[in-house]
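Here are a few notes to read alongside the structure. They start with the chain as a whole and then turn to one strand.

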Amino acid sequence: LAVLTRLVGLPFDVWSQTVLHRYGLSTEAWGGWFTDQLTSLGVTLVIWIVVLLGVHLLVRRFPRRWWAGAAAGGFVLVAAASFGYPVLVEPLFNSFHSMPAGPLRTDLLGLARRDGVPVGDVLVADASKRTTELNAYVSGFGSTRRIVVYDTLLSSEPRAEIELIVAHELGHAKRDDVLHGTLIGALGAAAGVCVLFLVITSPRLLRRAGADSPADPRSVALLLAAVTVLLQVVGPVENLISRRIEARADMHALDLTRDPETYVRMQRSLSARNLDDLSPNALEYALWNSHPTGPQRIAMGRDWARLHRVPVPAPLVNGTSP
């Protein structure tokens, strides 16, 4: 079922990649792109095999109370995936190396110390083999927490703007956003299992799926359908939470650097380079925007300047003040 779902979606994925190539956002050859698709499918299959075998073993062993064990298992699986993703999955798609010694690395580590965030290293990802987009992120927690900077960012942005982007990521680290997101996701997975229990124990839905009971392997199709619907329903809620977290990290970056002019310039540069949709309609915004739009973030930078009584950044024209 996972393979069939991927095959059905493949023409749309190919079309999307064609559009990215057309606008210069993708640098990846088709051979590498198909390799990434196969790798992603392999990771998906491993996860589904673990989940589905675990669920069916619990259903057969504890036909009445299997949902309790599945909820606990879902919590543990999400937490383990968040912890292991940076060291097990990310290297399947990108290579990482420590940022070379130099003024930028010294400044970034000094910024982290000033912020009180323990960061032993800053990694550079070879994102340029796939994309021209600019990005940086924080992933993992505990011993696997790291700040990752795209090499495209290092090759195109001034040092001050890179420092502001990293200051944003330090905001995530200082607030333990990855840890809190993992706990929320784990609790959500446990709650989702309880909803799935109601779905796959429904006699009517089981009959529609051609299954005799939740222990019947034919109920897998019903389970996957229920998971798909559930993820679509909770997606807008996750995006709403994510936008608030990203806005908080932006505010942290402004408080740390006290440089709204560079912040505004950086947000404009990111929006222009990544070809972001500056004014998505309300439905698109709710369904797919995990970050505030570029204009919203620029407005935040100007509001911060007014509140702190520092010069308000002037409107930008072609990347410079008029």
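**Notes for a first look**

1. Let's begin with the surface: the accessible area of the protein chain is about 17900 Å², and carbon and sulfur atoms account for 64% of it. Keep in mind that this is a predicted model.

2. The chain has 322 residues, and 39% of them are buried. You'll find 13 helices and four strands as you go through it.

3. Now have a look at strand β4, which covers residues 146-150 and is mostly covered, with five of its five residues buried. Which residues sit on each face of β4? R146, V148 and Y150 are on one side, while I147 and V149 are on the other, and all are buried.

4. β4 also has strand partners. Strand β2 (residues 122-125) runs parallel to β4 and is joined to it by four bridges; on this side, A125 has Y150 as its bridge partner. Strand β3 (residues 136-139) is likewise joined to β4 by four bridges, but those two strands run antiparallel. In that pairing, S139 stands opposite R146 of β4.

Key: Residues are numbered from 1 along each chain as its sequence is written. This is a predicted model: local features need pLDDT of at least 70, side-chain atom pairs count only at pLDDT 80 or more; totals for chains, interfaces and linings use all residues. Side-chain values use heavy atoms; hydrogens and water are left out. Buried means under 20% relative accessible area, exposed over 50%, partly exposed in between (1.4 Å probe, protein chains only). Accessible areas come from the Shrake-Rupley method with a 1.4 Å probe; for residues, only the protein chains shown count as cover. Two strands pair if DSSP finds at least two bridges between them.
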